[in-house]
Amino acid sequence: MTTTQYRVPDISCDHCVRAITTEVSAVAQVAKVTVDIPSKIVTIDHQNVPATTLVAAINEAGFDTVEAVA
């Protein structure tokens with residue numbers, strides 16, 4: 001299992017959390033999605049899902065600015 005984190009500056013409310021969680025959870029091989037509003041960090045546990053696929057899912061939820069967290 002791999003854990004990947006992204007900073008999404010536009011996260012501000014529970015609606016944002018639901019939108020991101022719904023889109024990213026729909027990606028095959030994603031096991032868990034956690035969205036933290038105060039830090040604006042999305043944590044994704046997955047099995048070898050390409051970063052482009054994860055970012056595309058966050059974009060599909062309506063968030064254009066996504067930065068990988070090292």
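The face of helix H2 that is turned away from its buried side carries the exposed residues Thr52 and Glu60, where exposed means over 50% relative accessible area, buried means under 20%, and partly exposed lies in between, all with a 1.4 Å probe and with protein chains only. The names of helices and strands come from DSSP runs numbered from the N terminus, a helix being a run of H or I with at least four residues and a strand a run of E with at least two. The structure is a predicted model, in which local features need pLDDT of at least 70 and side-chain atom pairs count only at pLDDT 80 or more, while totals for chains, interfaces and linings use all residues. Residues are numbered from 1 along each chain as its sequence is written, and side-chain values use heavy atoms, with hydrogens and water left out.

On its buried side, H2 holds Leu54, Ala57 and Ile58. Seen down the axis of H2, these residues fall within an arc of 100°, so they line one face of the helix; the arc is that of the directions from the helix axis to the C-beta atoms.

Alanine 57 has a relative accessible area of 7%, which is why it counts as buried. If residues up to four places away in sequence are not counted, alanine 57 touches Glu23, Val24 and Val27. Alanine 57 and valine 27 are 30 residues apart along the chain, and their C-alpha atoms are separated by 7.5 Å. After H2 comes glycine 62, whose phi is positive, near 105°.

The other helix, H1, can be read in a similar way. Helix H1 has 12 residues (residues 14–25), which at 1.5 Å a residue should span 16 Å, and its end C-alpha atoms are 16 Å apart, so the two values agree; the expected span is 1.5 Å times one less than the number of residues. Within H1, the buried residues are Cys16, Val17, Ala19, Ile20 and Val24. Because they cover an arc of only 165° around the axis, they are on the same side of H1. The other side of H1 has the exposed residues Asp14, His15, Arg18 and Thr22. What covers the buried residues of H1 includes strand E2 (30–36), strand E3 (41–46) and helix H2 (51–60).

From the helices we can turn to a strand. Threonine 43 is found in strand E3, and it counts as buried because its relative accessibility is 18%. Its side chain makes a polar contact of 3.0 Å with the side chain of glutamine 5; a polar contact is a pair of N or O atoms within 3.5 Å, and within protein one atom must be able to donate a hydrogen and the other to accept it, while residues adjacent in sequence count only if both atoms are side-chain atoms. Leaving aside residues up to four places away in sequence, threonine 43 touches Thr3, Thr4, Gln5, Lys32, Val33 and Thr34.

The loops also have details to examine. In the loop between H1 and E2 sits glutamine 29, which has a positive phi of about 80° although it is not a glycine. With 47% relative accessibility, glutamine 29 counts as partly exposed. Lysine 40, in the loop between E2 and E3, is another residue other than glycine with a positive phi, near 60°. Serine 12 lies in the loop between E1 and H1 and is exposed, with a relative accessible area of 52%. Not counting residues up to four places away in sequence, serine 12 touches Ile37 and Lys40.

How do these parts fit into the whole protein? The protein has two helices and four strands, which follow the pattern β-α-β-β-α-β along the sequence. For 70 residues, a compact globule would have a radius of gyration near 11 Å, and the protein agrees with this at 11 Å; the radius is taken over C-alpha atoms, and the globule rule is 2.2 Å times the number of residues to the power 0.38. Buried residues make up 36% of the 70 residues. Among contacts with a separation of 6 or more, 63% are accounted for by residues 24 or more positions apart.

Technical notes. Contact = heavy atoms within 4.5 Å.
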